[in-house]
Amino acid sequence: MHFENRSLSAHTTAGTDIIDITPLVREAVRDTRIRNGSVTLFIPGSTAALSTIEFESGVINDLKKAIERIAPRDIYYEHNERWADGNGYAHVRAALLGPSLHIPIVEGAMTLGTWQQIVLLDFDNRPRKRRIIFQALGEQK
Amino acid sequence: MHFENRSLSAHTTAGTDIIDITPLVREAVRDTRIRNGSVTLFIPGSTAALSTIEFESGVINDLKKAIERIAPRDIYYEHNERWADGNGYAHVRAALLGPSLHIPIVEGAMTLGTWQQIVLLDFDNRPRKRRIIFQALGEQK
Amino acid sequence: MHFENRSLSAHTTAGTDIIDITPLVREAVRDTRIRNGSVTLFIPGSTAALSTIEFESGVINDLKKAIERIAPRDIYYEHNERWADGNGYAHVRAALLGPSLHIPIVEGAMTLGTWQQIVLLDFDNRPRKRRIIFQALGEQK
C-alpha cells in the first residue's frame, strides 16, 4: 500500500465562493500512480467546506441560495459580538457542510459521476488562499 | 492490510427515495473477511447522497420534510433553465448532504448503533439504478 | 502501515449539546505514534453527529439556532407517534449532519486549522454517555 500526503492550494474571493477543484485533485491523483485506492480531502479552517456538485453556474447559484436560506448572512450572529470580523454566518455554514470528503480511486481514476465535480466552498467574507490537505492511499500501478 | 473495491447497486424510485442499504453493505463486509478496519461508501452522481438514520417510516418522512424545507422542490431553480430535466432541487440537496460515508469495522462488524441504518437518498425526479462504490480496508480474520 | 482502533467516550447533556472532543482525539492520536496518516471518527447512534467548528460559545449558539431553523424541535414529527421518546427532531438533525469525520495527520499532528475544533453534536433529549469510534492509520514515528 502506497500512502501520500500533499497540500493543494486555491485562491477564493469574498462572499460564498464555490470553486471547482477537480482538475487540481485529478492531477494529484495521477501523480500518485495509484491504481486502486482512495483519496481523502480535508480543509483546515472553520469557514470553508468541501462537497461535490455538477459545476454549472445555474446550480451553483441555486446552492448559494439554499445556503443563504439555512444560514442567512445578515441575521444576528452572537459570534460577531466577540470578534469584529463579521463572519459568524461563515462558521455556521462550514460546520453544517463539513470539512472532509472521501473519493474512491478505481483503475487509476476517481469514481466521480459524469456530472459530479469536487468543490471547495469558501464562506469567509474576505479573499483567502486556501490549503487543502490531499491524502491518497492504495496500490500503485 | 487487505484492500477491496466493489460496486454495489440499488434501484430507486422518482422523487426523494430513501432506501436502506445496510443489508447490502453488511453482506459485502462479511465477504471481505475483514476483522478490524473500515468501509467507505461513495455514490457517483450529483443527485444522490449517503447518510445514516433509524430506518423507520415515520422518521424517514420527517427527514423528507426537513429536506423539502431546506431545498423545496417547486421553487425557482436557475439550473432548470439550462437543462430541461427539472431536477435543480435534487442537485442542491445532494451537495448539502454529501456523497461519502465512512464506517469502522470492529471484530468483523460495522460499528453502527442499534437503531442506525445506512441510507441512500436519491433526490432525482426519475427512477434510477444507482451504483455505490464500496471500499474495505483492514486486517482479515 | 500501523492501524489502530479505539473507543473514546464523552458525556452529554439533554437538548442540543455541542462539545469539544479535540483534546480527547489529540491525546489518542499522540498515543498511536503515527507520523503521517489519518484519523477517522464515527459516532454509533442515530441522534448524534460529528463536525468541526471554532469552539467559541457565541458561534456554538449560532449553530444551534441554525439547526433549530432546519429541524425545529417543537414541530410535528411522525416519528414521535411511533415511539414515546419525543426525539424525532434529533434523528432528523443527525441524518442531515452525518456520523463520520476524517482528519489527516501530518508530521504527528492533525491538520486542523488554528480555530477549528472537533465537535460532537448530541441532539437527543436526555443525557447520554456517547461512544466515539476512533481509527488511526499511518506510518509510525
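## Terms and model

A residue is called buried if 20 or more other C-beta atoms lie within 10 Å of its own, exposed if 12 or fewer do, and partly exposed in between, with C-beta atoms placed from the backbone. Helices (H or I, at least four residues) and strands (E, at least two) are DSSP runs, numbered from the N terminus.

This is a predicted model, in which local features need pLDDT of at least 70 and side-chain atom pairs count only at pLDDT 80 or more, while totals for chains, interfaces and linings use all residues. Residues are numbered from 1 along each chain as its sequence is written, and chains are lettered from A and ligands numbered from 1 in the order in which they are written.

Helix α4 of chain A spans residues 88–97 and is mostly covered, with 10 of its 10 residues buried. These are Gly88(A), Tyr89(A), Ala90(A), His91(A), Val92(A), Arg93(A), Ala94(A), Ala95(A), Leu96(A) and Leu97(A). The cover over them includes β4, α2, α3 (79–82) and β7 (117–122) of chain A, together with β4 and α2 of chain C. After α4(A) comes Gly98(A), with a positive phi near 95°.

In chain B, α4(B) is also mostly covered, and 10 of its 10 residues are buried. Among them are Tyr89(B), Arg93(B) and Leu97(B). The buried residues of α4(B) pack against β4 (48–53) and α2 of chain A, and against β4 (48–53), α2 (57–70), α3 and β7 (117–122) of chain B. Gly98(B) follows α4(B), and its phi is positive, near 95°.

## Where α2 of chain A meets α4 of chain B

The axes of helix α2 (residues 57–70) of chain A and helix α4 (residues 88–97) of chain B come within 9 Å and cross at roughly 60°. Axes here are lines fitted to C-alpha atoms, for helices over the stretch in contact, and angles run from 0 to 180 degrees between N-to-C directions. The two helices α2(A) and α4(B) are therefore oblique to each other; angles under 35 degrees count as roughly parallel, over 145 as roughly antiparallel, 65 to 115 as roughly perpendicular, and the rest as oblique.

Two residues are in contact if their C-beta atoms, placed from the backbone, lie within 7 Å. On the α2(A) side the residues are Val59(A), Asp62(A), Leu63(A) and Ala66(A), and they meet Gly88(B), His91(B), Val92(B), Ala95(B) and Leu96(B) of α4(B). This contact of α2(A) with α4(B) is made up of six nonpolar, two polar and one charged residue. In these classes Ala, Val, Leu, Ile, Met, Phe, Trp, Tyr, Cys and Pro count as nonpolar, Asp, Glu, Lys and Arg as charged, and the others, Gly among them, as polar.

## The interfaces with chain A

Chain B gives 26 residues to its contact with chain A, and chain A gives 27. On the chain B side, the elements with two or more residues are β1 (2–12), β3 (34–42), α3 (79–82), α4, β5 (100–106) and β8 (128–140). Helix α4(B) has the largest share of this side, five residues. By class, the side has 12 nonpolar, 11 polar and three charged residues.

The contact between chains C and A takes 27 residues from chain C and 26 from chain A. On the chain C side, two or more residues come from each of β3 (34–42), β4 (48–53), α2 (57–70) and β5 (100–106). Helix α2(C) gives the most, seven residues. This side divides into 12 nonpolar, 11 polar and four charged residues.

## How the copies are related

Chain C is superposed on chain A by a rotation of 120° with 0.0 Å of shift along its axis, at an RMSD of 0.0 Å. The two copies are thus related as by a three-fold rotation axis. Superposition is by least squares on the C-alpha atoms of residues with pLDDT of at least 70 in both copies. In chain C, Ile70(C) comes closest to the axis, its C-alpha at 3.9 Å.

Chain B can likewise be laid on chain A by a turn of 120° and a shift of 0.0 Å along the axis, with an RMSD of 0.0 Å. The C-alpha of chain B nearest the axis is that of Ile70(B), 3.9 Å from it. Only 15% of the interface residues of chain B are also interface residues in chain A, so the copies meet through different surfaces.
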